[in-house]
Amino acid sequence: MLKQPSSPLRFSKTIVITILLSAFIHLLTFALAKTTLSQWRWQHVPFHSTVEVIGGVIALLVCFLLINLEQSRRGTSFNLVIAAAIGAMGIFDIAHALVKPGNLFVWLHSLATFFGGLLFALVLLKPKFTKAISTRFVFMILLLSLIISAVSIIFAQQVPIMVQQQRFTSLATFMNMFGGIALLLAAIKLFFFYKQFKKSDDLLFILHCSMFGFAAIMFQQSFLWDISWWGWHLLRLLAYGVALWFALQNERYLFRQLQSSNETLLQQEKATQASLDSANKRIAISERQQAAVLASLSDAIIVINQKGHIKLFSTSAESMFGWQSREVLGKNVTLLMNNEFAEKHDEFVANYRVKHSPSAIGKNRDLIAKRKNGDEFPIGLTISHLLLDEEHHFVGVIRDITERKEQERLIKHAKEVAESANNAKSAFLANTSHEIRTPMNGVYGNLQLLNELKLNKVASSYVKDALDSTKALMTVVNDILDFSKIEAGKLSLECTPFKLSELLANLHADLIQTALAKNIAFNILNQVEHDLWIGDPTRIKQVLLNICSNAIKFTQQGSVTLSILPNTNKPLITFLVNDTGIGMSEKSIDKLYLRFEQADDSITRKYGGTGLGMPIAQSLIKLMSGSINVTSELNKGTNFTIRIPLTRAKEDAQNQNAQAEEIINLSEKRLLLVEDNPINQVLVKAMLQPTKAQLTIVNNGLQALEAISDSFDLILMDMQMPVMDGKTATTKIRENDTSTPIIALTANIMQSDIQSYHEIGCNDWIGKPIEKTLLLDKLQQYLK
C-alpha cells in the first residue's frame, strides 16, 4: 500500500479539488461547444489513437499491478474488482484506437465505458461477494474483453448503429451514461471506505472513477471531434494518468521496501553468522555430552529416516542387538525386526503424514525384535517424529522386556489357577447346596406336616426340636452360600416397600422361644413412628437375626434389648443391640469380623458356630451403605450400633411379600408338579391337600411336555431331573405357551441360577427345603 500522507485531511481536500476541477473541465468544454467553439472540429486520428493506446497500456499495467498487490495483501480495498474493470477498459480502448473513426469506433469506446462502469459497480456488493472474487475472475474478464473486441472488429457490419448524422444514437448515449453513473457510484462507495479505513489507495481510485464518470456523461453531449469530445478524452487521459501515478508510487514504495529489506537481511546475515559460529561450538560440546548420555542409557536409541535407513545406533543398541554401529548405519531397520512386522514397516514409514499422525507415534507398543544371531526377543518400543533438514525422521526408544514378559506369564498362569480354583469352589458349593437341600426338603417338609397333626406333648416337643434343628442347619448352609456370594461380589440387594413393625414382629417370633428357654428377657423397643420403608427387608432381618441370636447365645442371665431409633437429619434408622452377656476383650473385637474366626476355641466348643455370621452381617451392612460399631466389656455385656440408610415409603404402598395366613381354596385350579424325587412328590401333594387343588404329578420334563396337552393353571417345575431337566422343559413349553405361570422348585439357589430361571421363562422360584407358607403364598399370588 502507498505510504499514507502526513495530513489525510489535506490529501482528501486535494482529491476533492481535482474532482471539482474535472467537473469544471466538463462544464467549460460543454459551454464552449455550445457557444464560441460550436463549429470547431479537430480530426487528428494519430493523436487520438496515441492517447487511447497509452491509456490502454497504462490500464493493463495497473491491472497486473493490482493482482500482485492482492497477493501481497496491499493496495486498495477492492484490488481484484478494480483490476478487472480497468483491464477490460484498457483492452476495449486499445481496440478502439486501432480502428477508423465510425460506427465500430464509437461501439468499442462505448463498450469500454459500459463494461468499466459495470465492473467498477461490483464494489457496491456486500463484502462476502467481493471477497469471493479471485484472480481467475480477472483473467476471465480480460479474455472475454479480447474476444468481444476481436468479434466486433471481424464482424464490424453486425455492430449496432452508434452514430447518425454526426450525433450519437440513444444506445451509445445509454451505454456511456450507464457506465458513467456506475463509475460515479463506485467513487462514492470508495469514498466511504476511505473514511472508514483511511487507505489512500482507495482515495486515488475515487479520483480515477470520478474522472471516467464525468467523461462518460460528457459523451452524450458532444459531437465527433468537437471541443466537448476532446474534453472528455482529456478527462480519460487524466484518469489513466492517476492510475499510472498510483502504479509508479507503488513501484517506488516496493523499491524502498526492497532496499530496506536488503539492508536488514545483510545485518541479519552478520548476526546469524556470529550466532552460527557460537552455535557450532556449543553443538560440538553438546554432541560429546549426548554421546556420553546415550552410552549410559540401558534403553536402545535408534534413529531412521523416511526410507527406513538407520541414521543413529546407540551403544546400548549395540549391546541389545549384537550389531556394531558401523555394520547397520545406512541399512534398513527391518533387519532388526521379525518377519511379521518387517513386511508392514516400510509402507508405514513411506506413507507417514504429520497432520494425520498414526496411532503408533508417541505410544508404547510391545513387539518382537531380532538379534544379529537370529534370536527373537520381546521389546517395548516408543516412536517419536523428528524433522531434520526438511526430512522426516523417526526416533525409537527400545527396552528389552524379556523379564517383564516372563513375570506377566507367571502372573497370568497364577490368575488362571486361582480362577480355576474359585470356579471349582463355586461349583462345589452349588453342588453341595443342592445335595444338602434335596434330602433336607424331605426332612423339613415332613416335619412341617407332622407339626400340623394332633400329637401328644412329648411328640410335639420332639417335632418342634427337630424343626428348630433343621432351621439351624439351613442357617449354616445359607451362611456358607452367602459367604460365597459376597466373596465373588455376586450378592445383590432388593429395593421393596416393607413394614418395619412386621419385620420386628417376625424377628421377635423367631427369637423369643430361644430366649425364654434360657430364662432371659428379649425386648424390642421401637421408637420409629413411621412404619413403611423402602429397602431389603430380608437382608435387614438377616443382620438383626444374626446379631440378636448371638446376643442371646452369649447371655446366660439378664436380658437382650433391641432398640430402634429414628434420625431426624438423615434418611436412616439406627438399631441398638444391648446384652448382659459374657462380653468381649479388645483382642476378640479385633477378630470379630474375620471369617471362620471366633474369640477363642473354647467359645467354639461351648457355643458352637461357623464363625461366618458376623462377617456376613458386616458385609451386608456395607452393601446397604450402612455402618456397624461395637463396644464391649468382659463379663458385663456388649453393645452393637447398626445404622442403615432407608427411604420412607408412602403410607399407601403395599408389602408385596405378605405370606398367606389362611388356607386358600384352589379346588377349581389344575396344577402340574414336575418332580423326580418321590419324597418331594409326597410332600408337595400333602402340603397342597388342604387347598383341594387338582394336582397332576409327572417324573421328568419329557413327561411334562406330554402332559401339557391338557391345560393347567400353574406348573411347579423341578430343575434337576433325569431324561429331560426343568430348564429344557421350560424352554420348550415357552415356545408355545407364554401365559401359564411356571414356578421353579430347586435346590440350586445361587444368584446365577435364579437369573437363569428367569431367562428361560420361569415366573418365580421356591428354594428347597420348601417352606409350606411360602409355597401357599406363591400359589395365591399367581392364581388370584
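How many residues does helix 4 have, and how far does helix 4 reach from its first C-alpha to its last? I opened the notebook with this one. Helix 4 runs over residues 103-120, so by count I have 18 residues, and the reach is 26 Å, close to the 26 Å expected at 1.5 Å a residue. I then looked up how covered helix 4 is, and found 15 of its 18 residues buried. I note here that the model is a predicted one.

**Entry: the whole chain**

I looked up the overall make-up next. The protein chain has 784 residues, and 44% of them are buried. I found 24 helices and 20 strands in the chain. I also looked up contacts with a separation of 6 or more, and 68% of them join residues 24 or more positions apart.

**Entry: helix 7**

I went on to another helix. Helix 7 has 28 residues. From its first C-alpha to its last, helix 7 reaches 40 Å, close to the 40 Å expected at 1.5 Å a residue. Just after helix 7 I found Lys198, which takes a positive phi of about 55°.

**Entry: the second largest pocket**

Which elements each supply at least two residues of the lining of the second largest pocket? I found helix 7 (170-197) again, along with helix 3 (79-97) and helix 5 (127-130). Helix 3 gives the largest share of this lining, three residues. The second largest pocket holds about 450 Å³ of space. I counted 16 lining residues in the record of this pocket, and Glu70, Thr76, Ser77, Phe78 and Lys131 lie nearest its centre. By class, I noted seven nonpolar, four polar and five charged residues in the lining.

**Entry: cavities**

Rolling a probe the size of a water molecule over the atoms shows where empty space is left. I looked up the cavities of 30 Å³ or more, and a search of the whole structure finds three. The largest cavity holds about 280 Å³ of space. Its lining has 20 residues, and those nearest the centre are Val333, Met337, His345, Leu381 and Ile398. The elements that give two or more residues to this lining are strand 3 (300-305), helix 12 (339-350), strand 5 (364-370), strand 6 (376-388) and strand 7 (391-400). I then sorted the lining of the largest cavity by class: 18 residues are nonpolar, two are polar and none is charged.

**Entry: nonpolar cores**

In soluble globular proteins, nonpolar side chains tend to be buried together. I looked up the largest nonpolar core and found 41 residues. The residues with the most contacts inside this core are Leu500, Ile540, Leu562, Phe575, Val577, Phe640 and Ile642. Among the elements that give two or more residues to this core are helix 15 (500-517), helix 16 (537-553), strand 11 (559-566) and strand 12 (572-579). Helix 19 (613-623), strand 13 (627-633) and strand 14 (637-645) are also on that list.

Leaving aside neighbours within four places in sequence, Ile540 is in contact with Phe498, Leu503, Phe575, Met624, Ile644 and Leu646. I also found a second, separate core of 35 residues, which includes Val62, Leu66, Leu80 and Tyr194.

**Entry: Gly701**

Is Gly701 buried or exposed? I found a relative accessible area of 0%, so Gly701 counts as buried. Gly701 sits in helix 21 (residues 701-707). Not counting residues up to four places away in sequence, Gly701 touches Val674, Met721, Met724, Asp725 and Ala729. I also looked up Val723, 22 residues from Gly701 along the chain; the two C-alpha atoms are separated by 7.2 Å.

Most residues other than glycine have a negative phi, and most peptide bonds are trans. I looked for exceptions.

- Ser625 is not a glycine, yet has a positive phi of about 60°. I found Ser625 in the loop between helix 19 and strand 13. With a relative accessible area of 59%, Ser625 is exposed, because the cut-off for exposed is over 50%.
- Lys692 is not a glycine either, and has a positive phi of about 65°. Lys692 lies in the loop between helix 20 (678-688) and strand 17 (694-698). Lys692 is at 59% relative accessibility, so I marked it exposed.
- The peptide bond from Lys768 to Pro769 is cis, with omega near 0°. I found Pro769 in the loop between strand 20 (764-767) and helix 24 (772-782).

Technical notes:
Residues numbered from 1 in each chain as written. Predicted model: local features only at pLDDT ≥ 70, side-chain atom pairs only at ≥ 80, totals over all residues. Heavy atoms only, no water. 1 Å grid on protein atoms, 1.4 Å probe; cavity = no way out; pocket = protein on both sides within 12 Å on 5 of 7 lines; lining within 4 Å. Points joined across faces, edges and corners; volume = space filled by probe spheres on them. Helix = DSSP H or I, 4+ residues; strand = E, 2+ residues; numbered from the N terminus. Nonpolar A, V, L, I, M, F, W, Y, C, P; charged D, E, K, R; others polar. Core = buried A, V, L, I, M, F, W, Y, C linked by side-chain atoms within 4.5 Å. Buried < 20%, exposed > 50% of the residue type's maximum accessible area, 1.4 Å probe, protein only. Contact = heavy atoms within 4.5 Å. Expected span 1.5 Å × (residues − 1).
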